[in-house]
Structures are given as structure tokens and as C-alpha cells.
Protein chains: 2
Amino acid sequence: MTRLLLGRPLATTEAEEHATLSNKLGLAVFASDALSSTAYATEEILIVLAIAGTAFFGLSVPLALGIVALLLVVVASYRQTIYAYPGGGGAYIVARDNLGEKVAQLAGAALLTDYVLTVAVSVSAGVAQMYSAFPALQPWRVEIAIGLIAVLMLINLRGVRESGTVFAIPTYFFLGTMTLLLVAGFLRLAQGGVLHVTDVPGPMVEAALGYLPLLILLRAFASGCVALTGIEAISNGITAFKRPRSHNAAQTLLVMALILGTMFVGITVLAHSAGALPSERETVISQLARAVFGAGPMQVTVLAAATVILIMAANTSFAGFPRLAALQAGDRFLPRQLTFRGSRLVFSWGIVALSAFASILVAIFGANVTRLIPLYAIGVFLSFTLSQAGMVVRWTRTGRLARGQVVRSQYGTDVAYDPAWRLKRFVTGIGATLTGGVTCVFAVAKFREGAWLVVVVIPILVWLFFRVHHHYEKVADQLSLHVPARKGDPRQVKTLVLVDDVHAATMRMVSFARSLGNPWVGVHVATHAERVPRLQEKWRERVGDDPLIVLSSPYRRLAEPIREYVEELQNANPDAFIHVIVGQILMDNFVTQTLHQNSTVIFKLALQQLDRVAVTDVAYQLHRPEAVHDDYSAPQASPDGAELREPAEQGAQ
Amino acid sequence: MTRLLLGRPLATTEAEEHATLSNKLGLAVFASDALSSTAYATEEILIVLAIAGTAFFGLSVPLALGIVALLLVVVASYRQTIYAYPGGGGAYIVARDNLGEKVAQLAGAALLTDYVLTVAVSVSAGVAQMYSAFPALQPWRVEIAIGLIAVLMLINLRGVRESGTVFAIPTYFFLGTMTLLLVAGFLRLAQGGVLHVTDVPGPMVEAALGYLPLLILLRAFASGCVALTGIEAISNGITAFKRPRSHNAAQTLLVMALILGTMFVGITVLAHSAGALPSERETVISQLARAVFGAGPMQVTVLAAATVILIMAANTSFAGFPRLAALQAGDRFLPRQLTFRGSRLVFSWGIVALSAFASILVAIFGANVTRLIPLYAIGVFLSFTLSQAGMVVRWTRTGRLARGQVVRSQYGTDVAYDPAWRLKRFVTGIGATLTGGVTCVFAVAKFREGAWLVVVVIPILVWLFFRVHHHYEKVADQLSLHVPARKGDPRQVKTLVLVDDVHAATMRMVSFARSLGNPWVGVHVATHAERVPRLQEKWRERVGDDPLIVLSSPYRRLAEPIREYVEELQNANPDAFIHVIVGQILMDNFVTQTLHQNSTVIFKLALQQLDRVAVTDVAYQLHRPEAVHDDYSAPQASPDGAELREPAEQGAQ
């Protein structure tokens with residue numbers, strides 16, 4: 001079943017050649033997040049402007065241009081980062097390398113939050129395109145969104161290369177249809193034709209009232225800034241590109257930014273010219289496609305392309321989140337299970353965690369993009385800011401080096417003198433200031449609508465990361481061996497065989513205890529005192545003269561008397577190991593197993609807190625008929641044969 | 001916490017003197033079920049008669065008299081049973097003793113179903129009395145009912161004697177208030193006073209239409225028969241009475257039946273005279289109390305008494321269900337966990353199971369008595385029938401004995417000649433025929449309303465009981481030792497120490513392996529091939545020349561390479577034990593434990609299916625600072641001291 005869903009397991013040595021992407025595939029995998037935001041960024045601007053009145057929709061065009069300017073500054077910064085950090089230069093790494101552990105964890109928290117929101121927002125927006133085409137789907141939007149997240153999870157558990165192949169065609173299909181839409185729309189406008197959106201289904205998206213005009217503008221700008229989300233994906237995933245990696249990644253980033261800017265401005269202008277209105281029932285993209293092509297197959301095609309690119313966008317996070325989580329786990333700020341690669345070489349735990357968190361958000365916010373947007377983009381812009389601030393520090397350090405000198409930074413990247421360091425630092429500094437400003441605008445202007453949640457969650461995450469870190473540090477310290485001495489080895493071993501009844505499984509334990517060759521005794525906890533004489537008789541008959549100690553248990557408890565007995569033994573033999581052998585009768589399946597006492601677990605829990613106590617499970621497999629008699633000779637006629645067949649009243653302890 | 005809720009643990013020896021009941025306490029514990037049904041039996045008759053029209057309400061009185069006649073016949077039968085089975089003569093035991101295993105399991109299934117329904121119906125009816133007094137409670141009836149079941153569960157986990165004490169006062173309080181109500185009501189009628197129920201809040205209880213008049217009568221009779229539920233409780237619980245047990249139990253049964261019959265007929269006559277109408281908002285008892293005493297404190301007092309007795313009725317099942325389940329489990333037809341007595345000497349698992357099933361029913365049926373009634377009483381009457389059929393067989397057997405002859409029945413009860421056997425058989429035969437008839441009436445007349453569910457569930461339960469039985473029989477057979485031979489003992493033991501890294505917990509495992517004195521090797525699964533050279537170096541440095549085997553794991557799996565290696569060893573040494581030692585680093589608490597790999601469980605699951613493999617857990621408790629260094633000498637300055645401190649990247653395997 002696992003194999004059917006996930007494919008054959010991959011050997012560790014297959015890692016390198018299997019998971020690298022050409023630029024075209026890289027664009028498909030990493031750019032879809034950035035590009036897809038054009039499907040809702042314009043709409044979110046219009047929703048905010050609608051508070052002031054539809055007359056203000058014209059402001060959407062200058063706002064879009066401003067956002068594109070910001071985009072170009074950020075991309076210029078990130079291209080520098082990609083060259084400086086060819087091993088992958090996400091905000092986390094850059095901050096860790098230049099700004100220290102605390103800021104790095106802040107960046108990590110911001111990015112992880114952002115990845116989760118990217119999935120939630122993109123899938124929700126994709127579902128919105130679906131129900132624009134097929135209104136009957138609207139009541140099922142939450143279920144559809146969560147189903148899509150599950151599908152993405154499975155695809156990603158298979159591995160990233162195959163994801164690239166699967167996703168290349170739809171990404172280019174989206175680019176093609178959007179180009180067609182924009183070209184056809186602008187041609188119609190250029191030729192003086194009429195382009196007008198009609199019959200937008202109600203209700204209009206509701207928005208809170210009573211804002212100051214400036215705040216409305218700021219909020220509209222902040223909403224539009226979601227267009228920038230996703231441009232950092234490439235810098236986190238440089239190692240997925242073919243060599244020369246930095247060059248390929250930087251080229252792809254630039255291409256992506258140009259496409260993104262063109263499409264975003266194009267859609268915004270077209271939406272304004274055609275008089276699109278934000279509606280809860282039909283997306284702006286759908287309205288534009290209907291205005292340009294008329295309601296029909298072409299409109300459905302555009303919506304299908306937008307849906308698919310949005311789902312691909314969610315997929316970007318499935319590449320980024322597990323990589324970042326593994327990085328942080330490698331630094332011991334997250335559970336180390338996140339560093340394990342599964343059978344398909346992907347970070348399975350990260351993929352599953354991302355799917356779970358995103359599904360929860362979708363469920364809570366009803367797969368509603370406008371309700372999710374205030375949470376979104378704070379994380380992105382915070383990480384933009386930290387990353388660029390880190391680069392400012394780095395360029396300053398570069399400037400202090402002699403020409404041609406190369407030093408190694410704390411995390412093993414080469415820092416070399418760069419003659420253009422002042423210019424680069426200036427560009428990056430501008431970028432950091434701008435994105436920092438946008439982060440503040442987001443936090444303030446959208447605080448009441450949900451931004452407060454992110455403002456609260458990110459510090460909590462950082463706190464948790466340090467808790468985890470402190471724990472791992474403490475454990476490493478306690479496990480470390482300063483001087484390996486062998487004082488007292490080998491020690492005495494006192495072996496106890498826990499006996500409930502005398503049957504085949506008991507004889508197996510006795511056989512093991514005898515084979516070990518250490519002194520041993522049987523121990524029985526007398527929860528039913530009346531059974532003891534019969535047990536002792538059977539013990540003498542079948543085991544022989546080996547001692548059987550009976551512990552009284554007036555309160556019918558199993559574990560406590562054993563624990564007390566072991567503690568007594570420890571006090572009497574302070575240097576010895578106490579070795580407790582317990583039996584376990586294994587059934588065919590889980591259901592039949594529950595019909596038995598399974599007290600092994602009880603003993604384990606009672607004894608594991610004791611120092612220098614080893615507990616051995618001797619399993620006895622009931623479903624293998626050949627196992628029953630192979631310890632013993634074949635059944636023979638016996639005078640008391642019938643009487644000897646014991647009911648398995650209690651099973652093995 | 002457990003102690004606070006349940007009280008101090010009780011020793012096994014405290015069982016006898018602690019849990020026996022005087023007749024008065026016995027009546028309080030066991031009779032409440034039967035008596036409490038008067039609080040709704042009349043109402044359920046009226047609800048059915050309402051289908052034909054309120055003019056037919058007069059039929060309720062002859063129906064009630066017929067039901068009381070049936071009651072007297074059944075009680076006569078059951079008194080015989082109590083004397084014949086002084087160790088407890090529930091339908092299960094009587095059927096098992098006289099009619100064989102299959103019929104006994106049918107009786108067991110019927111009784112268990114009935115106990116669950118008793119709890120659901122009684123608690124729901126109790127809540128109905130509550131909201132008759134305080135209408136605001138009606139929307140919370142399901143929550144209140146489930147909360148009450150939880151309280152009953154806790155009380156019963158404390159033990160039956162204290163239950164008796166807790167419940168005696170309310171039972172006699174109910175008897176007192178009902179007597180007052182009936183006497184006051186009939187005095188008013190006798191003096192020619194007006195007694196009329198007014199202002200019954202709507203809506204009337206709805207009922208399906210279109211039944212034939214005869215079917216309506218049969219259904220009304222069947223509904224009224226719920227008055228008989230609970231009279232079997234005493235015969236199941238004879239051992240809870242003081243000696244002479246049978247005599248005391250039989251007396252209590254008779255007293256109970258007389259009180260029950262009187263109250264039932266009295267309430268029915270009064271309800272008819274006063275013109276009570278079944279309502280979804282106010283119970284008939286509430287209407288009567290209001291008519292007799294007026295709305296006020298006396299009405300509330302009557303309702304409080306009825307509420308409490310109904311909750312006590314549910315408590316009867318908390319005595320009966322776990323006893324019966326333990327009996328069936330002792331016969332190996334139910335999981336044997338049901339035979340375990342908890343710290344307070346009660347059958348804890350049975351109590352918890354009953355609470356769970358009853359809560360589910362209450363939730364499904366919305367705590368609505370009228371919807372639950374069609375499921376109820378089939379189980380009771382089926383068990384009445386089987387019990388009495390068993391007694392018919394027993395009297396026949398008795399008649400075949402010589403005067404004064406005593407034989408022992410299969411399950412150890414004495415069967416003696418009884419001169420009155422023909423009369424007794426006749427009475428019991430009449431009883432069996434009548435109750436068998438009522439069972440059929442129930443199943444047919446109420447099939448559509450829910451009786452089908454019980455008709456389906458009971459055979460499924462019987463099938464499950466035999467599946468469980470078959471399993472235990474098979475296990476007992478496989479574990480039985482025909483001839484204890486010691487072929488091949490002692491055997492060779494091959495010890496493997498699973499090593500992930502070399503740190504304090506590893507050294508503990510190595511110390512244990514050395515102490516055992518058998519040949520051993522370290523085994524490392526190389527999920528990360530690049531770490532192997534460093535590991536081997538540390539092994540040489542700290543463990544020494546003992547061999548360390550490295551198993552390659554190209555797919556980064558932990559358990560499979562070990563399993564394959566163990567299987568190879570088994571093939572090479574077919575008679576040896578393979579002893580696998582795994583380490584476990586124990587943290588302070590569950591949360592920090594999840595930050596570590598905890599691969600012990602993975603190894604256990606992979607190895608437990610292999611024959612003659614013992615797996616030992618060597619726990620290393622991190623939270624005890626003194627444990628860290630006591631295997632080794634105190635930290636010393638070392639040239640490579642800093643380098644020797646290892647990060648706990650993987651922990652112990």
C-alpha cells in the first residue's frame with residue numbers, strides 16, 4: 001500500500017542525481033507560488049478599496065506599480081544572497097550566519113508560519129477559482145481544499161523530481177492562458193472595443209467600515225503585497241538546481257520576477273478598465289476571462305489554469321517547509337525526527353506536519369482567502385527583512401577584508417572581498433528598510449483582522465525552539481563521556497523470571513534464563529493466593545528444583561510487588577544488574593492480542609525508572625504451530641495427560 | 001487522584017465482610033430498578049393508547065392489572081430459582097446449568113443488553129423528572145444524563161457496600177413520597193373531591209398512526225411490561241446478601257414485587273382518574289403530583305424522589321452487569337480482563353464498559369425514554385423465558401431422582417428431590433410461556449420502532465462470545481504442555497548490542513552485555529554511512545577490542561537490516577537463542593521523550609515475530625544526575641576532553 005502510493009524506496013546514494021531540476025523545471029516548482037498570487041492579489045486590493053467606495057478602484061493601478069517597484073528591489077537583494085550562499089540561502093541561513101542564533105530562529109519561525117499560510121491561502125484561492133466556474137462546488141470548499149492538501153502531501157512524499165515533472169506542464173499552461181487573456185484584453189482595449197464585466201453575482205465581499213483614508217490605502221497596499229510572497233522560495237532551494245547552481249537559481253529568480261510584475265500590473269489595469277468587482281461568488285480572474293472571452297470554454301480554461309497554478313503554489317511550500325524544518329532540526333531547534341529522510345529520500349515528517357497545520361487553518365477559516373490574508377505575508381516580509389539585514393552585515397564584513405582575502409564564516413561559507421560591496425550593501429539596505437516598513441504596516445493595519453495571531457504565534461514558536469534546543473543540549477551534556485572507565489565491570493547479574501502460570505511460554509523463559517548461565521529465580525506475584533499451591537506443584541513437576549519466589553499482593557497489583565522486590569535486591573547488591581525476564585504471548589493479530597493481559601507493558605513502565613535494571617521480553621509466537629513443540633519432545637502418553645492440559649487463565653505475566 | 005475518587009485500595013481478604021448487604025440495603029440496591037419503572041411504565045401505556053384516542057385511556061387500568069398478574073407469576077418462578085441457586089441464580093447460570101452453553105450465551109447476551117438499556121432508560125427518565133420540575137434543563141438533557149452516568153461509574157468503582165449506604169436513604173425516601181402521593185390522591189377521590197390535571201404543557205408525545213386496534217393493545221401491554229424490568233436483579237446478586245442468603249434474597253424479592261405491583265396499579269388508576277396526558281414536557285408523575293399537591297414544594301419533592309430512584313435503578317445495572325460479565329469471562333466467553341477485581345475489589349472493566357455503552361445509547365437516542373423503550377425489555381423477557389425454561393428442565397430432572405437423593409449438576413449446584421416438583425414445574429412453565437409470549441409481542445409489535453436493533457444485536461453478541469471462546473480454547477491448547485522435556489537446554493546464547501553512537505547509555509549496554517558473560521558483538525545500522533568511521537574510532541577508544549559489526553542500510557531503514565542479520569544468525573545457529581540488547585534513554589516526561597527517536601519500539605515490533613529471540617531493554621535514566629557518572633570514574637582532565645563531548649544526534653538506538 002505504502003509502495004503503491006509512494007513508489008519504490010530510494011537508496012541514499014540516489015539522492016544527488018535524482019533530485020536536481022533544470023531551470024525550466026525549477027521555475028515550475030519554485031515560481032508557481034509567486035506567480036499564482038496574481039490570481040488573488042488584485043482582488044484583495046479591490047476588496048480593501050471597496051471600503052472607501054468603488055470610485056477609488058482607480059488607485060489599484062498605482063498601488064500595483066508601487067508593489068512591483070518593491071518587488072524589483074527585493075529581487076536585486078535576493079540575487080546577491082543566492083550568489084553568496086550557493087548551498088541554499090534562505091532567510092534562516094543568512095540570519096544564522098550574520099545575525100546570530102536568536103535572530104535566525106525568529107526568521108525560521110516567520111518562514112515556517114509563512115509556508116503553512118501559503119498552503120492554506122493558495123489552496124483556498126484555487127478552490128475559489130473552481131467554484132467561480134462551478135458554483136455548485138461552493139458549499140464543499142473546505143472539504144475540497146483539505147482533500148487537495150492530502151493529494152499534495154502524497155505527491156511530495158514521493159519526492160521532488162517527480163513533482164517537477166508533474167507540475168511543469170500546468171505552470172506553463174497557466175503562463176500561456178494568462179498571456180492570452182492579457183493580450184486579448186489589451187488588444188480589445190487598444191482597438192477601442194468595449195470591455196466590461198457584467199452580472200457579477202452577489203454578495204460583494206464584505207469589509208469592515210470606518211477606516212481613515214490613509215489606513216485604507218496602507219491596508220490596500222499591504223494586501224497587494226501578497227503578490228511578493230513566494231519569491232524567496234528559490235533562495236531556499238538553490239541545491240535543487242543544476243550546476244552552476246547559483247547562476248541558474250539567480251536567472252530563474254529574475255525571469256520569475258519579470259513575469260510576475262508584468263502579469264500583476266496587467267491584471268490590475270485590465271480589472272480596473274473592465275470594472276471588475278470583488279465578489280464572494282466569482283473571482284476577479286473569472287470576471288476578466290468572462291469579459292474578454294465570454295462565458296464559455298475559454299473562461300473555464302483560464303480558471304482551470306489558475307486553479308492548477310494555485311495548487312502548484314501550495315506545492316512550493318511542500319518543497320520549502322521540510323527543508324527548513326530539517327535545517328532547524330539539524331541545529332537542534334526542532335525535533336530531530338524532522339531530519340530523517342523517508343524511503344523516498346524526502347523529509348517525510350516535515351511534509352506531514354505542513355499538511356496537518358495547513359488543513360487546520362483551512363478548516364478554521366472556512367477556506368476563505370480574504371479571512372486568511374491578514375495572517376499571511378507578515379511572516380514573508382519579516383523573513384525578507386531579516387535576510388536582507390543579514391546581508392547588510394555581511395557586506396560590511398566583506399568591506400573590511402583585504403582585496404583577494406577569503407575568510408570562512410561560522411557556518412562554513414566563504415566570505416571574500418567584493419569591490420562592489422558598498423553598492424550591494426546600499427541596495428540591500430534599501431530593501432531591508434522597505435520590507436521592514438511593510439511588515440510593520442501589515443502588523444498594524446491588519447492587527448484586528450487576524451495579524452495579531454501571527455504576532456503572537458511567532459514569538460511562541462521562537463520560545464519553543466529554544467526550549468527544544470536547551471533540552472538537546474542538556475541531553476548531549478549528560479550523555480557525554482569525559483573519561484571512559486570500566487569501574488566494576490563485569491558486574492554481578494541477578495536474573496528474575498516472572499511467572500504467572502507454567503505452560504509452554506513459561507518454559508521458553510526458563511530455557512532462556514538457563515541458557516544465559518547466570519543465577520536465576522522464578523518470581524510469582526500472588527494476585528490470587530488460592531492458586532499458589534497448584535502453581536508451586538506444577539513448577540516442581542516441570543521446572544524442577546529451581547527456586548520459585550512468591551510475592552504476596554493483597555491488593556491484587558502486579559507491578560508494585562515486583563518493583564519493591566527489585567528495589568530490595570538493588571539495596572542488597574548495590575553494584576549488580578537486576579535482569580528481569582518477562583514473557584509475552586503473541587497472537588495472530590491485534591484484536592486477539594487485546595483478549596490477553598499483555599502485562600509486559602505494565603512491568604516495563606514500573607521498572608524502567610529504576611537504575612541498572614534490564615528487562616527482557618521473551619516472545620512466544622502462538623500462530624506458528626511448529627513453535628509450540630520444538631522446545632519439547634513430541635507429545636507422549638502420560639498418566640495424567642488430560643489433567644496436565646492447563647487452561648490459559650492468565651497467560652504469561 | 002485515583003485514591004481521592006475511589007478511596008483506599010482494599011485487600012482481597014476484605015472481600016467477604018465488606019460487600020454483604022442487609023435486606024433493607026439489598027432492597028435499596030436491587031429493587032430500585034423494578035420500583036423506578038413505575039415512574040414511566042404508566043406513561044408509556046398512555047402514549048400507545050393515545051394513538052387510538054384519549055377515550056381509550058381507561059384501558060390502562062385492566063392492562064396494569066394484567067401486567068401485575070404476570071409479575072406475580074414471574075416472581076413465584078424466581079423465588080424457586082433463588083433457593084435452587086444460592087450462589088447466584090441469574091438467567092445465565094440457570095441456562096448454563098440446565099440448557100447448555102449455547103442457550104446460556106443467548107441469556108448472557110440478552111441480560112447484558114438489558115443492563116445497558118436499564119442504565120440508558122432509567123437515567124433518561126430521571127432527567128425527564130428533572131426537567132418536569134425545571135423546564136430550563138430540557139435542552140441539556142443529554143449532557144445531564146451522560147454526566148449522571150459518569151457519577152454512577154465513579155461511585156461503583158468505589159464498591160457496592162458503600163453504594164448500598166449511599167442509596168438506602170433515597171430509595172426509602174421515594175417509597176415514602178410515593179405512598180404519600182397515592183394515599184393523598186385516593187383520599188381525595190374517596191371523599192368525592194375533584195382531582196384533575198390541568199394545563200399540561202404541549203406538545204403531546206407523538207406516536208405513529210394507522211395501527212390495528214389489537215396491535216395497539218398489544219403494544220400498550222408490551223410498553224407496560226417495562227414495569228417488570230429489574231425484578232431479576234436480586235437473583236443475580238444473591239451473594240451480596242447476608243446469610244442465609246437465599247432466604248433473605250427471596251424475602252426481599254417478594255417484598256419488592258408487592259410494593260411494585262401496588263404502586264404501579266395505584267399510579268395507573270390515579271392517572272386515569274385525574275386525566276393525565278402524556279406530554280413531552282412534563283411526566284405523568286409530575287402531573288399527578290401537581291394535581292394532588294398543587295404546583296409547589298411538594299410537587300418538586302415527589303419529582304426529586306422519582307429522579308433519585310431512577311438514578312438508583314441505573315445503579316442496579318452497575319451491580320449486575322460487571323458480575324455477569326465476570327461470570328461469562330470466567331467461562332472464557334468474554335475477555336478475561338472482565339474478571340479482574342480493581343483496587344476496590346470491584347470488576348472495574350465491567351463498570352467502565354457499561355458506562356460507555358449506556359452513554360452512547362443516551363447520546364444516540366437523545367435521552368428520550370419513549371424512543372428507547374422499544375429496545376428495552378426484549379432482553380429482560382428473553383432472559384426471563386430462558387431462566388424459567390431452565391428451571392422447568394431442572395424440576396423435571398429433580399422428579400427423576402429418588403426421594404432424598406442429591407446429585408451435583410455440571411456447574412456444581414446440588415440437585416435434590418423435591419416433593420413439590422410437579423407444582424413448581426407447572427408454575428415455572430406457565431411463567432416461561434407467558435414471558436416467551438411477551439418477548440414475541442415485543443419483537444413483533446415494536447419491530448419498526450427499534451426492536452429490530454436488539455433482534456440483530458443479540459445474535460451478533462452470541463456469535464462474538466463464541467469467537468472469543470474459540471480463541472481462548474485454541475490458546476490454552478497451544479500452551480498446554482503434554483510432557484515437559486528439556487531437549488537442548490541450556491542452549492547457546494548469541495548476544496547483539498545495538499549501537500547508534502558511543503555515549504553513556506551505550507556504555508551501560510556494553511556493561512550489561514559484559515556482565516552477562518556470554519559472547520557478544522556490537523551491531524550498528526549504518527543509516528548514515530558517512531558517520532561510520534567516526535563511530536568505529538570512538539568504539540575502539542572507549543569500548544576497546546570487542547567487535548562492532550556495521551550493517552549497511554541503503555534505504556535508511558533501522559529495523560530491517562537487524563531483522564535480516566538475526567535471521568542469518570538463526571539459520572547459522574538453529575538451536576541458539578538470539579539475545580538483542582537495545583538501549584533506551586529515559587527523559588523526565590512524555591513531551592521531552594517524543595523529542596528522541598525511541599526506536600526501541602521499532603526493534604521490538606520487527607523482532608517479536610521471530611522465534612527464540614529475546615529483546616532486552618536497558619533503560620538509562622537521564623533525569624537522575626547521579627546516574628550519569630556512576631558507571632565511570634569522576635570527570636578528569638583529558639587532552640581531547642572537549643572533543644569527547646558528543647552531541648546526542650541520534651541517541652541510543
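This is a predicted model: local features need pLDDT of at least 70, side-chain atom pairs count only at pLDDT 80 or more; totals for chains, interfaces and linings use all residues.
With regard to overall composition, chain A contains 26 helices and seven strands. Of its 653 residues, 58% count as buried.

Helix packing was examined for one pair in each chain. Two packed helices are described by the angle between their axes and the distance between the axes. In chain A, helix H13 (residues 284-293) and helix H14 (residues 297-330) have axes that come within 9 Å and cross at roughly 150°. Angles over 145 degrees count as roughly antiparallel, and H13(A) and H14(A) are therefore roughly antiparallel to each other. The crossing in which H13(A) passes H14(A) is right-handed. On the side of H13(A), the contact is formed by A:Ile285, A:Ser286, A:Ala289, A:Arg290 and A:Phe293, and on the side of H14(A) by A:Met298, A:Gln299, A:Val302 and A:Leu303. By residue class, this contact of H13(A) with H14(A) comprises six nonpolar, two polar and one charged.

In chain B, helix H5 (residues 41-52) packs against helix H11 (residues 213-224) at an angle of about 170°, and their axes are 8 Å apart. This angle makes H5(B) roughly antiparallel to H11(B), and the crossing of the two helices is right-handed. The residues contributed by H5(B) are B:Ala41, B:Glu44, B:Ile45, B:Val48, B:Leu49, B:Ile51 and B:Ala52, which meet B:Ile216, B:Arg219, B:Ala220, B:Ser223 and B:Gly224 of H11(B). The residues of this contact of H5(B) with H11(B) divide into eight nonpolar, two polar and two charged.

Two further positions in chain B were considered individually. B:Thr307 belongs to helix H15 (residues 297-330) of chain B and, at a relative accessibility of 7%, counts as buried. When residues up to four places away in sequence are left out of account, B:Thr307 touches B:Gly126, B:Gln129 and B:Met130. B:Arg336, by comparison, is located in the loop between H15 and helix H16 (348-364) of chain B, where B:Arg336 is buried, with a relative accessible area of 5%. The C-alpha atoms of B:Arg336 and B:Phe465 are 12 Å apart in space, although 129 residues separate these two positions in sequence.

Most residues other than glycine have a negative phi, and most peptide bonds are trans. In chain A, A:Arg243 and A:Pro244 are joined by a cis peptide bond with omega of about -5°, and A:Pro244 is placed in the loop between helix H11 (233-236) and helix H12 (245-274) of chain A. In chain B, a cis peptide bond joins B:Arg243 to B:Pro244, again with omega of about -5°, and B:Pro244 lies in the loop between helix H12 (233-236) and helix H13 (245-274) of chain B.

Positive phi values occur in chain B at residues other than glycine, among them B:Ala377, for which phi is near 75°. B:Ala377 is found in the loop between helix H17 (369-372) and helix H18 (378-400) of chain B, and its relative accessibility of 1% places B:Ala377 among residues that count as buried. For B:Arg556, also a residue other than glycine, phi is positive and near 60°. The position of B:Arg556 is in the loop between strand E5 (548-552) and helix H23 (559-572) of chain B. At 13% relative accessibility, B:Arg556 counts as buried, because the term applies to residues under 20% relative accessible area.

Notes: Residues are numbered from 1 along each chain as its sequence is written. Chains are lettered from A and ligands numbered from 1 in the order in which they are written. Side-chain values use heavy atoms; hydrogens and water are left out. Axes are lines fitted to C-alpha atoms, for helices over the stretch in contact, and angles run from 0 to 180 degrees between N-to-C directions. Helices (H or I, at least four residues) and strands (E, at least two) are DSSP runs, numbered from the N terminus. Angles under 35 degrees count as roughly parallel, over 145 as roughly antiparallel, 65 to 115 as roughly perpendicular and the rest as oblique. A crossing is left-handed if the near helix is turned anticlockwise from the far one by less than a right angle, and right-handed if clockwise. Contact means heavy atoms within 4.5 Å. Ala, Val, Leu, Ile, Met, Phe, Trp, Tyr, Cys and Pro count as nonpolar, Asp, Glu, Lys and Arg as charged, and the others, Gly among them, as polar. Buried means under 20% relative accessible area, exposed over 50%, partly exposed in between (1.4 Å probe, protein chains only).
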